[in-house]
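Please read this briefing with the structure open beside you. It goes topic by topic, in short steps.

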Amino acid sequence: MLGIARTGIRFTLASVARGNGLRQLCSGGSGSYKNILVEKKGDKSQVGFVRLNRPKALNSLCDDLLRELNVAFREFDADPSVKAIVLTGSSKAFAAGADIKEMQPKTYSTVFGTNFINDWTEMLRIRKPIIAAVNGYALGGGCELAMMCDIIYAGDSAKFAQPEIRLGTIPGAGGTQRLPRAVGKSKAMEMCLTGDMITAKEAESAGLVSKVVPADKLEAAALDLAERISRMSLMAIYAAKESINAAYEAPLSQGLLLERRLFHASFGRATALRRNVSLH
Ligand code: CAA
C-alpha cells in the first residue's frame with residue numbers, strides 16, 4: 001500500500017520500489033496493446049475510446065503505457081471516421097501518477113539524457129478533441145494527463161492532486177504550469193506545496209473540470225459529449241481546438257488574429273458547403 005494521501009509522507013521513491021517489490025512491472029513489447037484498451041464507440045463509431053488498463057498498478061503511467069497511448073491517439077487522429085476521443089481509466093483510478101517503481105532507479109543523467117517525460121507531450125499534437133473521463137484517483141502525472149486533454153468530466157468520487165512534493169520532487173508533466181491556468185495561482189500553489197487532494201466538486205468549482213456526474217454515469221456522459229461533438233464539422237472542430245489552445249500560448253493580439261483567420265476559413269467553408277460549391 002502506498003497511501004500517501006491519507007496518511008501523509010509515508011514513503012520515498014526508494015521505499016516505494018523496495019517495499020512493493022516491483023510486483024507489477026510495466027509490460028513491454030510491441031504489437032497489440034498491453035496497457036490500454038482501445039475501441040470505437042458511439043452510434044456511428046465516431047468516438048475513439050481509450051481505457052488505461054493497468055489495474056494492479058492503479059493505471060500508473062509507465063513508459064510502455066505512454067508509448068501505447070501515443071500510438072492509439074495518433075491512429076484515431078488519422079482515422080477519418082473518428083471525430084473525438086474519450087480517455088478514461090477504472091472506477092478506482094484514472095491514473096495514480098507516473099510509475100514510481102519504474103522511475104525510482106533512474107538517475108539524474110538518465111532522466112536528463114533521455115529527456116524523461118518529453119514523450120508525454122506528444123498528445124498535444126492530436127488535433128481531435130480528447131475528453132478525459134476521470135473516476136477515482138487522478139494524481140501527479142494522472143492529473144497532468146487529464147489536464148493535457150481538452151475537456152475533463154469527473155465522476156463524483158474522483159480525486160485530483162499533485163502529490164509529488166511528498167516524494168521530495170515537483171510535478172514534471174505540466175502540473176505547475178497547467179494547474180495555475182486552470183484553478184488559479186493560490187489553489188495551484190496549495191495543491192503543489194501540500195500534495196493535498198481535492199474532490200470532484202472542488203475541481204469543478206475551481207474550473208479544473210467542466211462537469212461532475214455520478215461515478216457510474218461518467219462514461220455515458222463523456223461518450224454523449226463526444227458524440228455531440230462528432231456531429232459537428234471536423235474542420236470547425238479542428239479550428240476551435242487550435243484557437244482555444246492558442247489562448248494558452250500566444251499574446252492576446254496573436255490569439256485573436258488566429259481566431260479571426262480560422263473563423264474566416266471555417267465561415268468560408270460553411271458558406272461554400274451551403275451553396276453546394278465543390279471545394280476540391
Ligand atoms: N506508481 C507505481 N505503482 C503505484 C502507483 C504509482 N504512482 N500508485 C499506486 N501504485 C501501486 C501500489 O504500489 C500497489 O501495488 P502493489 O500491490 O504491487 O503494492 C497498487 O498500485 C495499489 O496501491 P495501494 O495499495 O497504495 O492502494 P491504496 O488504495 O491503498 O492507495 C493511492 C491508493 C492513494 C493512489 C496510493 O497508491 C498512492 O498514494 N499512490 C501514489 C500516488 C503518487 O504519489 N503519484 C505521483 C507519482 S509521481 C509523478 O506523477 C511525477 C510526475 O509529475 C510525472
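Of the 280 residues in this chain, 43% count as buried. The model is predicted. The chain holds 12 helices and 10 strands.

**The chain as a whole**

- The accessible surface of the chain comes to about 14,700 Å². Carbon and sulfur atoms hold 55% of that surface.

- In what order do the strands of the open sheet lie? The order is 1-2-3-5-7-10, which makes 6 strands with mixed pairing.
- Strand 1 (36–41) and strand 10 (211–213) stand at the edges. Each has a single partner strand, so one side of each is left without a neighbour in the sheet.
- From one strand to the next, the twist averages 20°.
- Strand 1 and strand 2 (residues 47–52) run antiparallel, joined by 6 bridges.

**Strand 5**

- In strand 5, Ile130, Ala132 and Val134 point one way. Ile131 and Ala133 point the other way. All of these residues are buried.
- Strand 5 pairs with strand 3 in the parallel sense, over 4 bridges. Here Ala133 of strand 5 is the bridge partner of Thr88.
- Strand 5 also pairs with strand 7 in the parallel sense, over 4 bridges. On this side, Ala133 stands opposite Tyr153 of strand 7.

**Helix 6**

- How many residues of helix 6 (residues 141–148) are buried? The count is 8 of its 8 residues, and the helix is mostly covered.
- The buried residues of helix 6 are Gly141, Gly142, Cys143, Glu144, Leu145, Ala146, Met147 and Met148.

**Cysteines**

- How many disulfides does the structure hold? The number is 0.
- Cys143 is in no disulfide. The nearest cysteine sulfur is that of Cys192, 8.4 Å away. A disulfide needs the two sulfur atoms to be within 2.5 Å.
- Why does Cys143 count as buried? Its relative accessibility is 0%, and the cut-off for buried is under 20%.
- Cys149 has 7% relative accessibility, so this residue counts as buried too.

**A buried aspartate**

- Where does Asp99 sit? Its place is in the loop between strand 4 (93–95) and helix 4 (100–103).
- Asp99 has a relative accessible area of 5%, so this residue is buried.
- The side chain of Asp99 makes a polar contact with the side chain of Arg54, at 2.9 Å.

Key
Residues are numbered from 1 along each chain as its sequence is written. This is a predicted model: local features need pLDDT of at least 70, side-chain atom pairs count only at pLDDT 80 or more; totals for chains, interfaces and linings use all residues. Side-chain values use heavy atoms; hydrogens and water are left out. Two strands pair if DSSP finds at least two bridges between them. Helices (H or I, at least four residues) and strands (E, at least two) are DSSP runs, numbered from the N terminus. Axes are lines fitted to C-alpha atoms, for helices over the stretch in contact, and angles run from 0 to 180 degrees between N-to-C directions. Buried means under 20% relative accessible area, exposed over 50%, partly exposed in between (1.4 Å probe, protein chains only). Accessible areas come from the Shrake-Rupley method with a 1.4 Å probe; for residues, only the protein chains shown count as cover. A polar contact is a pair of N or O atoms within 3.5 Å; within protein, one must be able to donate a hydrogen and the other to accept it, and residues adjacent in sequence count only if both atoms are side-chain atoms.
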